[in-house]
Amino acid sequence: MLTKLRIKNFRQIEDQTFDLSQAVVIIGPNNGGKTTILQAISLFDVAIRLWGEQRIEKKSKASTRTGIAITLENLLNIPLTEYRELWRDLNLREVLPNENGKSTSRNIKIEIHAEGYTIGENWTTGFEFDYGRDSLIYARLANNTEGIPYDFPKILLQERIGYLPSVAGLNPMEDKLELGSIFRYIGSGRTADVLRNICFHLYNLEDKKKWLEFTSEIDKLFKIKLNPPLYFTTSGLLKMTYDEGAKKKMDLSSLGSGAKQAILMFAYLNAFPNTVNLLDEPDAHLEVIRQSNIYDKISDFAKKNNSQIIIASHSESVLNRAFGKDQVISAVLGTFNTVNNKKFVASILRDYGYEEFIIANQRPYVLYFEGNTDFDFLKAFCKKFNREEYLSILENEVYPYPISGNDVNYAKKHFAALKEFIPHLKGYALFDNLNRNVENKQPDLIIKQWQRREMENYLPIPQVLYAFINQQKEFGPIFENRFIEITKNSIVPNAINNLDHPFWKTTKISDDFLTPLFETFLDEMKMPRSFMDKSKFYQLVDYMDPLLVDSELKLTIDEIFKQFNCE
C-alpha cells in the first residue's frame, strides 16, 4: 500500500507531495491531471519490476547510481509515442550558471518518491528518470532529503500494483496463462486479454465464498448469472459464459462495456488481495445509479481484501459515495488537494464544470458582464480610445464570462469557486445600473455597475447615428434624411442636443431606443433587420466622437485593467 507520494516534473505536475489512504478518489476534469497520478505510479511500478529483475534477481554488482533502461515496450499502459511526452512542458534540459559565471546545462529528471507498507513492513524509496532518447529512459534510485541515494527495499518486490483501464473489446476465447504472465499483462494495462484468466484464478481459490460473493454482486447489478470459466486442455484456451433471463450461455464478450468493467474490477479485487489497484474512470459506460453502487462495492472489496484503490473519476455519483468514508483529492491543472467540503466540490461539478477552471487558469483575469454584446462594446471602446494594449489583453488574457440577468450573486459565487483552485485569479464584474448597493467582500473581485442604465447609454447619440448613416453609401440623401427624421422622432425634444438629459441615462438604449429605431427604418427600406440588430450595435462605436463620451466610460476601462495589473 502506498501512503505518500511525491512527483516532480511529470506531465502537468511540477512538484507536489500528497498522502494516500486505503481508498482514494481523484476527482477532476479531462486533462486536469487525475490520470497523471495513476501514470506516475505505473512508471514507479515499472522501475520497481525492472530494478528487481536486473539488480536483485540477477544479483548485479552494478552501482546503484547506474541506471536501468526502460523502453517504450516496458510502458504499454501509458499512451505516448516518445518519452519526452512524460516531461513537464516537454522540457528535457535546464540552463544553470556555473562557478565561473558561465552557463551550463543539465538534464531535467523526473522524480517519483513513495512511502508505504507491504506485508506489515514500512518502506521509503524513490526513483529518478533520465531522458536517453525518444524511445529510451534510464531509472536509478533517487536521493532522499539528505542527498543520499535511497536503498531499494526488497519487500517492494512483493507489492502488486495493477493498472486497470476500461476493458476495450474482448475476444471469444483467451489463452490460459500462468500467474506471472497475468500480472505482466495487467501491469501493461492489457486487462481485456486476461479477464477470463482472472475469473478462472478466482474460481479455483480454496475460499469458494469469494467466487459466490463475486457472482452474487454481478447478478444484483446486471441481472446476469456468470457461469464458471472452462479450461480446454487440448487447446489451452479459456471460455466463459453467462445466463441472462431466458438467454442461456451467452459468451462474456457479448456483455456491455460497463458490465465487463465491473467483472474485471470485482474479480481482480477478490482474486488478488494485498494489491494496489489503479482504476481509471471505472464509472465509464455506466448510468448514474450503477456508478455509485459499483464504487461502493469496489471500496468494500478493497478494504475486505487488504488492498488499496486509487481511482480517477469525474463522476459526481462517485464523489458523493466517496465523501465521508474515503479520501477525495481534487485534481485541477496539475494541482492536487485533499478535499473535505463535499458540498463545495459537488456544486462545482454540477453548476460550473471543471472545464471552466482550465480556461481560468490559462487566462488569469475573469471579466463578468451582462451579455456577450457588452464584451464586444468593451473591445470596440478600447480600440476607439487607441488602447491597443487593452484590446490585446481582452482577446488573449481575459476569460470573458457573460451572466444573464445581471446576477451579481452568481458572479460572486462563481469567482469564489475559481479562486479556491486558482489563487492568483483577478476578477472584475461590470453590470448594468442595478439601482441598489452591492456588498462585496472579495478583495480580488471588483464589482461595478454603470451610473447610466447600460453600456449602450454611453454612445453619444444622436451624433453617432448621424455619422453612421452618412457613411452608408447604399443609402441616398432621401433615405439618409428619413433615418435622421426617425431618429429625432425617437428622442424626447429636450434631449436631442443635450447629452446630459435624463433620457440618455435612464432609457434602456439597446432595447427601447436603438432596436425599434433600426427596425422601423430597415422595414421602410425593405432591408433585413439583421443589417443592424442588437448583436451589431457595438459597430456604432466606430462612428462616435470620443470627445463626446462621458468620462465615466474611460475611467471604468482604466479601472478594469488596473485591477488586472495591466497599467
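Mentor: Let us begin with pairing: two strands pair if DSSP finds at least two bridges between them, and helices (H or I, at least four residues) and strands (E, at least two) are themselves DSSP runs, numbered from the N terminus. This is a predicted model, in which local features need pLDDT of at least 70 and side-chain atom pairs count only at pLDDT 80 or more, while totals for chains, interfaces and linings use all residues. Residues are numbered from 1 along each chain as its sequence is written, and side-chain values use heavy atoms, with hydrogens and water left out.

Trainee: What makes β12, β15 and β16 a sheet, and in which order do the strands stand?

Mentor: The three strands form an open sheet in the order β12-β15-β16, with antiparallel pairing. Between β12 and β15 (residues 241-244) there are two bridges in the antiparallel sense, which meets the requirement of at least two bridges. In one of these strands, β15, Tyr242 is the bridge partner of Leu226.

Trainee: Why are β12 and β16 said to stand at the edges?

Mentor: β12 (225-226) and β16 (247-251) each have a single partner strand, so one side of each is left without a neighbour in the sheet.

Trainee: What is the strand order in the open sheet of six strands, and which strands stand at its edges?

Mentor: The order is β2-β1-β7-β8-β9-β4, and the pairing is antiparallel. The edges are β2 (13-19) and β4 (68-71), because each has a single partner strand, so that one side of each lacks a neighbour in the sheet. Within this sheet, β7 (residues 110-118) and β8 (residues 121-133) run antiparallel and are joined by nine bridges, with Ala114 opposite Thr125 in β8.

Trainee: What makes β3 an enclosed strand?

Mentor: A residue is buried under 20% relative accessible area, exposed over 50% and partly exposed in between, with a 1.4 Å probe and protein chains only. Five of the five residues of β3 (residues 23-27) are buried, so the strand is largely enclosed by the rest of the structure. Ala23, Val25 and Ile27 on one side, and Val24 and Ile26 on the other, are all buried, which leaves both faces covered. β3 pairs with β18 in the parallel sense over five bridges, and Ile26 has Ala312 of β18 as its bridge partner.

Trainee: How many residues of β17 are buried, and which strands does it pair with?

Mentor: Six of the six residues of β17 (residues 275-280) are buried. Five bridges join β17 to β10 (residues 160-164), in parallel, and Arg160 stands opposite Thr275. β17 also pairs with β18 in the parallel sense over five bridges, where Leu279 stands opposite Ile311.

Trainee: How do you know whether Ser307 and Asn274 are buried, exposed or partly exposed?

Mentor: Ser307, in the loop between α6 (288-304) and β18 (308-313), has a relative accessible area of 2%, and is therefore buried. Asn274, in the loop between α5 (257-271) and β17, counts as partly exposed at 42% relative accessibility. Contact means heavy atoms within 4.5 Å, and, leaving aside neighbours within four places in sequence, Asn274 is in contact with Glu159, Asn305, Asn306 and Ser307. The C-alpha atoms of Asn274 and Asn305 are separated by 6.4 Å, although the two residues are 31 residues apart along the chain.

Trainee: Why are the buried residues of α11 said to line one face of the helix?

Mentor: The buried residues of α11 (residues 388-396) are Tyr390, Leu391, Ile393 and Leu394. Seen down the axis of α11, these residues fall within an arc of 160°, so they line one face of the helix; the arc is that of the directions from the helix axis to the C-beta atoms. They pack against β21 (365-369), α10 (372-384), β22 (398-402) and α17 (551-563).
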